[in-house]
Amino acid sequence: MKEGQVINLFPGGNTAQGFYSFYEYLPYNVDRIFIIKGGPGTGKSTFMKKIGETMIEKGFNIEYHWCSSDNNSLDGLVIKELKVAFLDGTAPHMVDPEYPGAVDEIINLGRYWDRELLKEYTKEIKDLNDQIWGLFQRAYDYLATAKLVHDEWEDYYIKAMDFQKANQKTTEVIDKLFNTQPISEEAGQTRRLFASALTPQGPVDYLSSITSNIRNRYIIKGRPGTGKATLTQKVAEAALERGYDVQFFHCSFDPESVDTIIIPKLDVALIDGTAPHQIEPTREGDQVINMLDCVDQEKVDQFNDEILNAKERYNKLISKAITKIANAKSLHDDLEEYYIEAMDFEAIDERRKSIVAEIL
């Protein structure tokens with residue numbers, strides 16, 4: 001039997017706006033949702049990983065939705081053909097059943113812990129929680145300051161942009177993709193997630209992976225402020241108006257900005273191919289859109305020192321934020337140990353097996 005395929009995604013992220021969630025888009029086109037509750041170290045991620053492994057072996061295609069604060073840990077799992085989703089319903093992404101029993105079901109792993117044992121560590125658990133949230137807050141402060149620096153960096157390029165040229169590039173792509181196709185009576189559907197994240201291990205992205213089966217990839221090159229996200233957004237709007245479903249993958253640093261879109265029915269992706277996710281045209285069907293064609297380089301050169309300074313400050317702030325996120329991850333590992341000691345993992349494993357049998 002052929003193994004199922006895996007797509008890796010992030011449903012939430014550590015951003016310049018704090019923790020930003022697209023969890024409502026995780027259970028996409030599903031009929032059944034299992035919401036897993038329980039503390040850190042109670043086995044939520046392992047529960048989903050083992051179900052995912054079983055489904056891959058049985059030939060089902062799945063989506064792994066990873067945690068941006070621990071990119072080795074799962075926040076969600078979607079089994080496409082079975083129209084089933086599992087998701088972590090605990091903080092910071094609190095999720096509760098919308099249609100209890102009919103669509104949604106809670107799996108409470110708190111049923112399998114030794115409450116008396118956990119009570120012995122009440123002070124330690126509270127202290128660690130407070131320290132973790134404090135570290136995340138400092139990380140988000142650094143990221144918010146980095147956004148101000150990034151805006152400054154963008155501004156130097158905006159001053160040198162020929163927006164008419166940028167509009168021409170956008171129109172060329174729209175005309176090529178949709179020709180004279182009229183506006184549809186019904187707009188297409190959207191799905192919004194992250195394909196990258198700022199994690200304890202630094203920036204991680206799956207952009208190459210999620211576009212690996214897309215025949216026509218438009219790889220957009222440029223610098224901050226050169227209109228990459230604006231072009232992508234306009235093409236997405238044109239697709240939606242013509243009734244095409246569009247998958248949006250937002251920037252892990254600035255969630256208001258879009259890094260990549262996929263239009264599945266057209267087998268087309270537009271990808272931001274610049275740092276931190278450097279993507280080069282390596283396949284037949286790859287085309288480069290260079291937004292630096294729309295920039296007056298002489299004007300940019302006037303701000304070389306300022307641009308270098310902004311870039312250096314931005315990178316330092318991102319590095320400081322990632323350090324805080326990594327420190328929080330280390331304390332979270334300590335916190336998990338208290339719960340691991342108190343869990344009945346054999347009983348959890350039996351519950352997992354019964355659920356797998358049920359959904360199959």
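Which exposed residues does the face of α4 turned away from its buried side carry? Select Q164, E172 and K176: those are the ones. Exposed here is over 50% relative accessible area, buried is under 20%, and partly exposed is in between (1.4 Å probe, protein chains only).

Before you click on: this is a predicted model, where local features need pLDDT of at least 70 and side-chain atom pairs count only at pLDDT 80 or more, while totals for chains, interfaces and linings use all residues. Residues are numbered from 1 along each chain as its sequence is written, and side-chain values use heavy atoms, with hydrogens and water left out.

**Stop one: helix α4**

Select residues 163-178, which form α4. Helices (H or I, at least four residues) and strands (E, at least two) are DSSP runs, numbered from the N terminus. Now colour A166, K169, T170, V173, I174, L177 and F178, the buried residues of α4. Look down the axis: they fall within an arc of 140°, so they line one face of the helix. That arc is taken from the directions from the helix axis to the C-beta atoms.

To see what this buried side packs against, show β12 (216-221), α6 (228-241), β14 (258-263), β15 (268-272) and β16 (286-290). Contact means heavy atoms within 4.5 Å.

Next, the two ends. At the start of α4, zoom in on D162, where a side-chain oxygen comes to within 3.1 Å of the backbone nitrogen of Q164. After α4 comes N179, with a positive phi near 50°.

Jump to β10 (residues 196-199) and β11 (residues 202-205), an antiparallel pair with four bridges. Two strands pair if DSSP finds at least two bridges between them. Pick A197 and you'll find its bridge partner, V204, in β11. From β10, S196 and L198 point one way, A197 and T199 the other, and all are buried.

**Stop three: the six-stranded sheet**

Show the open, mixed sheet in its order, β1-β5-β6-β7-β4-β8. β1 (6-9) and β8 (104-108) are at the edges with a single partner strand each, so one side of each has no neighbour in the sheet. Inside it, β6 (residues 70-79) runs antiparallel to β7 (residues 84-88), joined by four bridges; select I79 to find its bridge partner V84 in β7.

Conventions:
The expected span of a helix is 1.5 Å times one less than its number of residues. A polar contact is a pair of N or O atoms within 3.5 Å; within protein, one must be able to donate a hydrogen and the other to accept it, and residues adjacent in sequence count only if both atoms are side-chain atoms.
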